[in-house]
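Here is a short tour for you, with the structure alongside. Have a look at it first, and then let's walk through the inside together.

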Amino acid sequence: MRRDDAETLALGALGWIASDPDRAGAFLGASGASVEDLRDRAADPDFLGFVLDFLLMDEASVLAFAESLPCRPEDVMRARAGLPGGDLPNWT
């Protein structure tokens with residue numbers, strides 16, 4: 001997936017996460033970010049990679065996000081691979 005497409009999908013994921021107070025709270029807690037940080041770092045490819053990492057931690061969330069976009073669930077992983085740090089091996 002091209003990097004700009006990966007960033008677009010990750011921005012969609014950030015919006016999807018932010019649209020639900022429980023999900024947004026979990027993301028803010030996991031990232032240590034504030035609401036202001038979300039706006040300031042939304043264009044940062046490293047931060048967008050973390051957004052997708054957070055989403056990919058829960059299969060049900062990936063499926064729900066993909067349905068809402070719409071995209072294929074595997075596109076989330078492809079987008080992650082297109083952002084910094086996405087080429088790291090997954091040892092689990």
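This is a predicted model: local features need pLDDT of at least 70, side-chain atom pairs count only at pLDDT 80 or more; totals for chains, interfaces and linings use all residues.

**Helix α4**
- Helix α4 covers residues 45-56, and its end C-alpha atoms are 16 Å apart, which agrees with the 16 Å that its 12 residues should span at 1.5 Å a residue.
- At the start of α4, the backbone nitrogen of Asp-46 has a side-chain oxygen of Asp-44 within 3.0 Å.
- Pro-45, Phe-47, Leu-48, Gly-49, Val-51, Leu-52, Phe-54 and Leu-55 are the buried residues of α4.
- The cover over these buried residues includes α1, α2, α3, α5 and α6.

- Beyond its neighbours within four places in sequence, Phe-27 touches residues including Leu-14, Leu-38 and Val-51.

**Aromatic rings**
- Trp-16 and Phe-65 pair edge-to-face, 5.8 Å centre to centre with 65° between the planes; Trp-16 is in α1 and Phe-65 in α5, 49 residues apart.
- Trp-16 is buried at 12% relative accessible area, and Phe-65 is buried at 1%.
- Phe-27 and Phe-54 also form an edge-to-face pair, at 5.2 Å and 80°; Phe-27 lies in α2 and Phe-54 in α4, so this pair ties together parts 27 residues apart in sequence.
- Ring pairs join Phe-27, Phe-47, Phe-50 and Phe-54 into a cluster.
- The charged end of Arg-23 sits over the Trp-16 ring, 3.5 Å from its centre.

Terms used. Residues are numbered from 1 along each chain as its sequence is written. Side-chain values use heavy atoms; hydrogens and water are left out. Helices (H or I, at least four residues) and strands (E, at least two) are DSSP runs, numbered from the N terminus. The expected span of a helix is 1.5 Å times one less than its number of residues. Buried means under 20% relative accessible area, exposed over 50%, partly exposed in between (1.4 Å probe, protein chains only). Contact means heavy atoms within 4.5 Å. A polar contact is a pair of N or O atoms within 3.5 Å; within protein, one must be able to donate a hydrogen and the other to accept it, and residues adjacent in sequence count only if both atoms are side-chain atoms. Rings of Phe, Tyr and Trp (its six-membered ring) pair if their centres lie within 6.5 Å; planes under 30 degrees apart count as stacked, over 60 as edge-to-face and the rest as tilted. A charge sits over a ring if NZ of Lys or CZ of Arg is within 6 Å of the ring centre and within 35 degrees of the ring normal.
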